[in-house]
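Let us take a friendly walk through a protein model together. Please have a look at it first, and then read on.

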Amino acid sequence: MTQIIADTSGFYALVDRTDPHHEAAAAFLKSIRTPSTLLVSNHIFDEAMTLTKARLGVAVARQLGMRLRNSSLIELIVVDGGEEAASWRLFSNYHDKAWSYTDCVCLALAQNRAITQAFSFDDHFAQMGLQMVPQ
């Protein structure tokens with residue numbers, strides 16, 4: 001399996017059993033067998049921890065954080081200066097879109113690494129031209 005950009009919406013759906021995408025997120029992650037398939041930036045890690053803590057509490061956020069940090073399926077990366085500059089260009093140039101800065105970081109990483117898929121339930125990723133998985 002090729003690398004896939006991971007978005008907060010995928011991880012949040014995984015931990016919130018009331019999320020309409022929970023079952024799809026869980027099944028998709030169980031289907032992954034190749035190490036480092038999901039690329040998770042420090043921006044996504046931050047956003048996922050913050051959202052999960054705010055909505056589900058610190059215990060659930062810590063559990064998710066430990067799962068992400070310890071999973072062989074995930075490659076955690078810190079976005080470098082060039083990727084930040086590319087993210088800012090995307091954020092600035094697509095002012096007509098409702099993309100968050102973190103969405104733009106994901107797109108910059110996808111473009112830089114020739115990644116075509118995103119583990120996401122956020123329609124912004126389809127708008128960016130990425131194939132959302134699971135479908």
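The paragraphs below go from the sheet to the backbone, then to the rings and the charges.

This is a predicted model, in which local features need pLDDT of at least 70 and side-chain atom pairs count only at pLDDT 80 or more, while totals for chains, interfaces and linings use all residues. Residues are numbered from 1 along each chain as its sequence is written, and side-chain values use heavy atoms, with hydrogens and water left out.

Let us begin with the sheet. Helices (H or I, at least four residues) and strands (E, at least two) are DSSP runs, numbered from the N terminus. Two strands pair if DSSP finds at least two bridges between them. In this model, 5 strands make an open sheet with parallel pairing, and their order is β3-β2-β1-β4-β5. At the edges you find β3 (74-77) and β5 (131-133), each of which pairs on one side only. On average, neighbouring strands of this sheet are turned by 35° against each other, direction ignored. Such angles are taken between axes, which are lines fitted to C-alpha atoms, for helices over the stretch in contact; they run from 0 to 180 degrees between N-to-C directions.

Now look inside the sheet. Strand β1 (residues 4-6) and strand β2 (residues 38-41) run parallel and are joined by 2 bridges. Ile5 has Leu39 as its bridge partner in β2. Helix α2 (residues 22-31) packs on the sheet and touches β1, β2, β4 (117-119) and β5, where contact means heavy atoms within 4.5 Å. The direction of helix α2 makes about 120° with that of β4.

Next comes the backbone. Most residues other than glycine have a negative phi, and most peptide bonds are trans. Which peptide bond is cis, with omega near -5°? The bond from Val133 to Pro134 is the one, and Pro134 is found in the segment after β5. Ser36, in the loop between α2 and β2, is not a glycine but has a positive phi of about 60°. With a relative accessibility of 31%, Ser36 counts as partly exposed; buried means under 20% relative accessible area, exposed over 50%, and partly exposed in between (1.4 Å probe, protein chains only). Ala114 is not a glycine either and has a positive phi of about 55°. Ala114 sits in the loop between α6 and β4 and counts as exposed at 65% relative accessibility.

The aromatic rings are the next stop. A pair of aromatic rings is described by the distance of the centres and the angle of the planes. Rings of Phe, Tyr and Trp (its six-membered ring) pair if their centres lie within 6.5 Å; planes under 30 degrees apart count as stacked, over 60 as edge-to-face and the rest as tilted. How many aromatic pairs does a search of the whole structure find? The search gives 7 aromatic pairs. In one of them, Trp88 and Tyr101 have ring centres 6.5 Å apart and planes at 45°, so this pair is tilted. Because Trp88 lies in helix α5 (residues 81-93) and Tyr101 in helix α6 (residues 101-113), the pair ties together parts that are 13 residues apart in sequence. Tyr101 is partly exposed, at a relative accessible area of 23%. The ring of Tyr101 also pairs with that of Phe91: the centres are 5.7 Å apart and the planes at 70°, so the pair is edge-to-face. Phe91 lies in helix α5, so this pair ties together parts that are 10 residues apart in sequence. Phe91 counts as partly exposed, at 33% relative accessibility. Elsewhere, ring pairs link Phe11, Phe28, Phe119 and Phe121 into a cluster.

Finally, turn to the charged side chains. Arg55 has its charged end over the ring of Tyr12, 5.2 Å from the ring centre; a charge sits over a ring if NZ of Lys or CZ of Arg is within 6 Å of the ring centre and within 35 degrees of the ring normal. A salt bridge is a side-chain nitrogen of Lys or Arg within 4 Å of a carboxyl oxygen of Asp or Glu, and the count by this rule comes to 2. Glu83 and Arg113 form a salt bridge (3.2 Å, N to O). This pair links distant parts of the chain, with Glu83 in helix α5 and Arg113 in helix α6, 30 residues apart. Glu83 counts as buried at 6% relative accessibility, whereas Arg113 is partly exposed at 32%. Lys97 forms a salt bridge with Asp96, and their closest N and O atoms are 3.8 Å apart.
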